[in-house]
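Reader: I would like to learn how to read contacts, cores and pockets. Can we work through an example?

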Amino acid sequence: MNIATFSFIIVGVLLNAVAQLLLKAGARNVGEIHLTLSNLFSVGWRVATQLPIIGGLTCYVLSVVLWIIALSRVDVSVAYPMLSLGYVVTAVGAWYLFGEALSVQRLLAIFVILVGVAWLART
């Protein structure tokens with residue numbers, strides 16, 4: 001894998017992680033959703049007009065574009081596991097931005113993911 005392909009994958013993964021964090025921020029702004037037929041439109045409008053959600057969806061679209069470019073250059077069996085880096089970025093971002101817990105068990109799981117991705121990238 002060359003540096004350009006690796007860059008497409010990494011930037012795509014980062015955009016995907018940013019998308020998750022933006023969607024979470026937007027969901028926090030909306031509050032807990034209890035969807036019924038009577039509130040379907042009002043809840044849908046509140047969700048659709050949240051700037052963080054719009055930004056998150058935009059990041060998703062951009063990440064898919066980069067992902068398709070990456071898949072045109074590398075085997076999916078190599079690229080797909082690298083998406084797991086997004087779990088790491090998202091967990092750290094959620095801890096930093098939203099105060100979500102990062103327990104020892106979660107940190108160990110993140111370490112295992114990082115080791116696995118580093119090992120895979122060397123193949």
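**Contacts, core and pocket**

Author: Start with one residue. Valine 117 touches Pro81, Met82, Ser84 and Leu85, leaving out residues up to four places away in sequence. Contact means heavy atoms within 4.5 Å. This is a predicted model: local features need pLDDT of at least 70, side-chain atom pairs count only at pLDDT 80 or more, and totals for chains, interfaces and linings use all residues. Residues are numbered from 1 along each chain as its sequence is written, and side-chain values use heavy atoms, without hydrogens and water.

Reader: Which residues make up the largest nonpolar core?

Author: A nonpolar core is a set of buried (under 20% relative accessible area, 1.4 Å probe, protein chains only) Ala, Val, Leu, Ile, Met, Phe, Trp, Tyr and Cys residues joined through side-chain atoms within 4.5 Å. Here the largest has 11 residues: Ile9, Val13, Trp67, Ala70, Val74, Val78, Ala79, Met82, Leu85, Val117 and Leu120. H1, helix H3 (51–71), helix H4 (76–82) and helix H6 (104–121) each give two or more. H4 gives the most, with 3 residues. Helices are DSSP runs (H or I, at least four residues), numbered from the N terminus.

Reader: How is empty space found?

Author: Rolling a probe the size of a water molecule over the atoms shows where empty space is left. A pocket is an open set of points on a 1 Å grid over the protein atoms alone, where a 1.4 Å probe fits, with protein on both sides within 12 Å along at least five of seven lines; lining residues have an atom within 4 Å of a point. The largest pocket here is lined by residues including Val13, Asn16, Tyr80 and Thr90. Helix H1 (3–30) and helix H5 (85–98) each supply at least two lining residues.

Definitions and conventions: Buried < 20%, exposed > 50% of the residue type's maximum accessible area, 1.4 Å probe, protein only.
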